[in-house]
Structures are given as structure tokens and as C-alpha cells.
Amino acid sequence: EALLTACDAVDAGERVRGGGAAGWALYSQVPARCRGASFGARVIKVLERQGLRARIGVADDRFTAWVAAAFGGRVRGDQGYPTEVSAMVTTVPHGGSAAFLAPLPLSLLPIPEEVLGMLTALEVRTLGEFAALPPPSVSRPWAVDIDFQALARGGDDAPLRRFATEGPLVERVEIEPGATDGG
């Protein structure tokens with residue numbers, strides 16, 4: 001709810017682990033005529049007023065934004081792609097998701113362990129190497145309905161699920177009978 005003061009829509013996301021910490025991934029669109037880094041700084045301030053800490057990733061898609069937030073400070077421009085990194089905000093330039101993700105480990109994808117083991121045996125270790133593989137020629141009916149190669153290319157097309165409060169917010173204070181000190 002506090003984030004709605006900084007942007008028009010917030011997706012409540014999900015609980016995640018990454019970058020050595022557990023947290024909650026929230027998603028939103030950067031408002032029009034606002035740079036990603038300045039939007040990230042505004043969100044940091046909103047959350048600090050709530051007593052919360054955050055790492056912000058700004059990118060074209062959800063997966064890249066999550067990776068930028070979780071690992072951004074450790075995968076800066078020394079890999080050859082341009083990116084802005086401040087203390088807690090990592091901004092991947094528009095159209096730069098594939099280049100940002102390419103050198104990162106394949107283990108960032110939620111691929112089943114058996115598939116990850118097979119790819120590692122074939123010496124496919126980075127998201128870029130995985131994204132460059134030809135698409136699968138056979139699909140299995142029990143496979144998860146996620147296009148992992150699209151994620152590795154920065155093509156996560158999951159829609160923003162708008163958060164909405166459920167009814168009015170109400171705060172109450174109950175005072176015990178006989179309390180006279182005003183505290």
C-alpha cells in the first residue's frame with residue numbers, strides 16, 4: 001500500500017530467496033517520464049519510512065528485475081553491459097536484459113534439478129549459453145508451463161497483477177477501563 005504512493009500499480013509478487021537473503025518480490029511499472037534510477041530511489045525512501053529495507057531492480061521484465069535486485073551489486077558493468085548501480089538500485093537499460101543476464105549462472109532459473117544436471121553435463125552453465133540453444137523439439141506433458149529460454153533472454157512476459165486493498169483500512173486503539181494516565 002505504501003508503494004502505491006510512488007506508482008500507479010503494484011503487483012504483490014511472491015516470497016523469494018536469492019542473493020543470500022529471503023524477502024518478498026514486489027513488481028510495478030516505472031511511471032511515465034521517470035528514469036528507473038530516480039524511481040528506485042523514490043521507492044527506497046517510501047519503504048525506509050515504513051522501516052523496511054529494499055533492493056530495487058529496474059528492467060524490461062520481471063525475471064531480469066528480480067535478478068538485478070537480488071544480484072545487481074555483484075554483477076555490475078564489468079561483464080561488458082551498461083548498467084546503473086547505486087547503493088540499493090540496479091537499473092538495466094531498456095532492451096539490455098539479454099546482455100545483462102547472459103554471463104550469469106544457469107542456476108538462477110527455476111529449472112528442475114534433473115534438467116539442470118543434464119545441461120551442466122553438456123557444459124551449458126550460463127543464461128546466455130542456455131538462451132542460445134535451439135528450442136526443444138519435444139515437449140513433455142508433465143513439464144512446467146514456463147518458457148525458461150525466454151526468461152534467460154529477458155523475455156518474461158508475465159503480466160502485472162494489480163494489488164488492491166480488500167475494503168477500507170481501519171486502525172483501532174483499545175483502552176482498558178480505568179486507564180487514567182492518558183498513555
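**Note on the predicted model: pocket, cores and loops**

1. The largest pocket holds about 1400 Å³ of space. A pocket here is an open set of points on a 1 Å grid over the protein atoms alone, where a 1.4 Å probe fits and protein lies on both sides within 12 Å along at least five of seven lines. Its volume is the space filled by probe spheres set on the points, with grid points joined across faces, edges and corners. Rolling a probe the size of a water molecule over the atoms shows where empty space is left.

2. This is a predicted model, in which local features need pLDDT of at least 70 and side-chain atom pairs count only at pLDDT 80 or more, while totals for chains, interfaces and linings use all residues. Residues are numbered from 1 along each chain as its sequence is written, and side-chain values use heavy atoms, with hydrogens and water left out.

3. The lining of the largest pocket comprises 49 residues, where a lining residue has an atom within 4 Å of a point. Closest to the pocket centre are Ala 25, Leu 26, Tyr 27, Arg 55 and Ile 56. Two or more lining residues come from each of strand S1 (10-18), S2, helix H1 (36-49), strand S3 (56-58) and H2. S2 gives the largest share, eight residues.

4. By residue type, the pocket lining has 32 nonpolar, nine polar and eight charged residues. In this count Ala, Val, Leu, Ile, Met, Phe, Trp, Tyr, Cys and Pro are nonpolar, Asp, Glu, Lys and Arg are charged, and the others, Gly among them, are polar.

5. Arg 55, one of the residues closest to the pocket centre, sits in the loop between H1 and S3. Arg 55 counts as partly exposed because its relative accessibility is 37%; buried means under 20% relative accessible area, exposed over 50%, and partly exposed in between (1.4 Å probe, protein chains only). The C-alpha atom of Arg 55 is 8.7 Å from that of Ala 68, 13 residues apart along the chain.

6. As for the overall fold, the chain has six helices and five strands, in the order β-β-α-β-α-β-β-α-α-α-α. Helices (H or I, at least four residues) and strands (E, at least two) are DSSP runs, numbered from the N terminus. Of the 183 residues, 36% are buried. The chain exposes about 12200 Å², with carbon and sulfur atoms supplying 53% of it; areas come from the Shrake-Rupley method with a 1.4 Å probe, and for residues only the protein chains shown count as cover.

7. Among contacts (heavy atoms within 4.5 Å) with a separation of 6 or more, 55% join residues 24 or more positions apart.

8. The largest nonpolar core has 25 residues. Such a core is a set of buried Ala, Val, Leu, Ile, Met, Phe, Trp, Tyr and Cys residues joined through side-chain atoms within 4.5 Å. Phe 63, Trp 66, Val 67, Leu 106, Leu 109, Leu 127 and Phe 130 have the most contacts inside this core. At least two core residues come from each of strand S2 (21-28), helix H2 (62-71), helix H3 (97-101), helix H4 (113-121), helix H5 (127-132) and helix H6 (148-152). H2 supplies the largest share, six residues.

9. Which residues does Leu 106 touch, not counting residues up to four places away in sequence? They are Ile 111, Leu 116, Leu 119, Val 124, Arg 125, Thr 126, Leu 127 and Phe 130. A second, separate core of 14 residues includes Val 10, Cys 34, Val 43 and Ala 54.

10. Val 43 has its C-alpha atom 9.0 Å from that of Thr 5, 38 residues apart in sequence. Thr 5 lies in the segment before S1 and is exposed, at 62% relative accessibility.

11. The loop between S2 and H1 contains Ala 32 and Arg 33. Ala 32 is exposed, with a relative accessible area of 63%; its C-alpha atom is 9.7 Å from that of Cys 7, 25 residues apart along the chain. Arg 33 is exposed at 86% relative accessibility.

12. Two backbone angles deserve a check. Most residues other than glycine have a negative phi. Arg 33 has a positive phi, near 60°, and Glu 123 has a positive phi near 65°. Glu 123 is in the loop between H4 and H5 and counts as exposed at 57% relative accessibility.
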